[in-house]
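User: I would like to learn how to read some local features of a protein model. Please take them one at a time.

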Amino acid sequence: MSLLNTEYQDDPNEGLEKSMSLVAAALADPSRVSILCALMDGRAWTATELSAVAGIAASTTSGHLTRLLNNGLVMCLTQGRHRYYSLAGHHIAGLLENLMGVSMQARTTPVTRTPQHLRYARTCYDHLAGELAVKIYEFMQHEKWISADGTALTASGKDQLQRLGVVLNPHTRRKPCCPCLDWSERRCHLGGDAGAALMALLLQKAWISRTPGYREVSVTTSGKVAMSRLFGLALG
C-alpha cells in the first residue's frame, strides 16, 4: 500500500465527511423535509399523521421515517400499539431553523415570503419564534436581561424571569440561553433553556395558544395585556 493511500485511510475527517454527506442526503428530499418541518412544532406525530402532512402514501412515509431515524434526525417512541415520531432534539431543530434561514435568503432585495400568520408568531421546536419573539428578545436586550452576545442571562435577567414565574433549569444539559436566528425576521429570538422555559410559561398562563397540527401561535386577549405590561409591547 502506498504512503498516499495510508494517509487517506488514516484521515480523521473522512468519517466525518461521510456522515455529513449522509445527513445532507437524508435532508435532500421534499417529502422528508415536509415531515421534519411538521415536527418543528415540538410534538410527537404518528406516521399516519405525518403522511397526511407530507401528502404521501403511508408506505412511503415509513421508508422516509426509517431514513430519518437512521441518520439521527428523528426519534421514535412506542406507546401501546402506536409509534410516535419527534425530532431527535433541539439541536436538530436548530439545524432546520438555520437551513430555513439560508433557503429564504434572496439574491436581490430581501422580501419575505413567509405567510403572515407564521411570520408573526410560531413555535421553533420548544420555544417561541417570529416577530413577537424577536420583539421580546429586543426588550430583554434593552433591559439588559441577557448578556451583550446573548449567550447568558444576567443576574437581573434571571431574577426578572423568575419573578414572572419562568422556571429555569439550573442543571440543563443544553445552552442555558442563546440567540436563535429567526428565519423570517432575520433577527434573533430567545433560544436555549430560557427560551423553552419562557414558552412553557406563556402556554401555562394561556397568554398564547397553539393551533393544533400547525406551528402557528396566537396571542390571547389576556396575553396581549400581559405582554404589554411585562415587555412593553403594543399588541392590537
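User: Which residue just after α4 takes a positive phi?

Analyst: This is a predicted model. The residue is Gly-55, with a phi of about 70°. Ile-56 is in the loop that runs between α4 (47–54) and α5 (58–70).

User: What does Ile-56 touch, leaving out residues up to four places away in sequence?

Analyst: Its contacts on that count are Ser-31, Ser-51, Thr-61 and His-64.

User: Which residues of α4 are buried?

Analyst: Buried means under 20% relative accessible area. In α4, Leu-50, Ser-51 and Ala-54 are buried. They lie on the same side of α4, because they cover an arc of only 105° around the axis. The face turned away from that buried side carries Thr-48 and Ala-52, which are exposed.

User: What covers the buried residues of α4?

Analyst: The cover includes α3, α5, β1 and β3.

User: How do I read α3 in that way, and which of its residues are buried?

Analyst: Helix α3 spans residues 30–38, and its buried residues are Ser-31, Arg-32, Ile-35, Leu-36 and Ala-38. The arc they cover around the axis is only 160°, so they are on the same side of α3.

User: What caps the N-terminal end of α3?

Analyst: Asp-29 does: one of its side-chain oxygens lies 2.9 Å from the backbone nitrogen of Ser-31.

User: Now the strands. What is the order of the sheet, and is the pairing parallel or antiparallel?

Analyst: Strands of a sheet pair through backbone hydrogen bonds, in either a parallel or an antiparallel sense. Here 3 strands form an open sheet in the order β1-β3-β2, and the pairing is antiparallel. β1 (45–46) and β2 (74–79) are the edge strands, each pairing on one side only.

User: How many bridges join β1 and β3?

Analyst: There are 2 bridges, in the antiparallel sense, between β1 and β3 (residues 82–87). Thr-46 has Tyr-84 of β3 as its bridge partner.

User: Ser-86 is in strand β3. Does Ser-86 count as buried or exposed?

Analyst: Ser-86 counts as buried, because its relative accessibility is 13%. Beyond residues up to four places away in sequence, Ser-86 touches Leu-39, Arg-43, Ala-44, Val-74 and Met-75.

Methods: Residues numbered from 1 in each chain as written. Predicted model: local features only at pLDDT ≥ 70, side-chain atom pairs only at ≥ 80, totals over all residues. Heavy atoms only, no water. Buried < 20%, exposed > 50% of the residue type's maximum accessible area, 1.4 Å probe, protein only. Helix = DSSP H or I, 4+ residues; strand = E, 2+ residues; numbered from the N terminus. Arc of directions from axis to C-beta. Polar contact = N/O pair within 3.5 Å; in protein donor to acceptor, adjacent residues only side chain to side chain. Pairing = 2+ DSSP bridges. Contact = heavy atoms within 4.5 Å.
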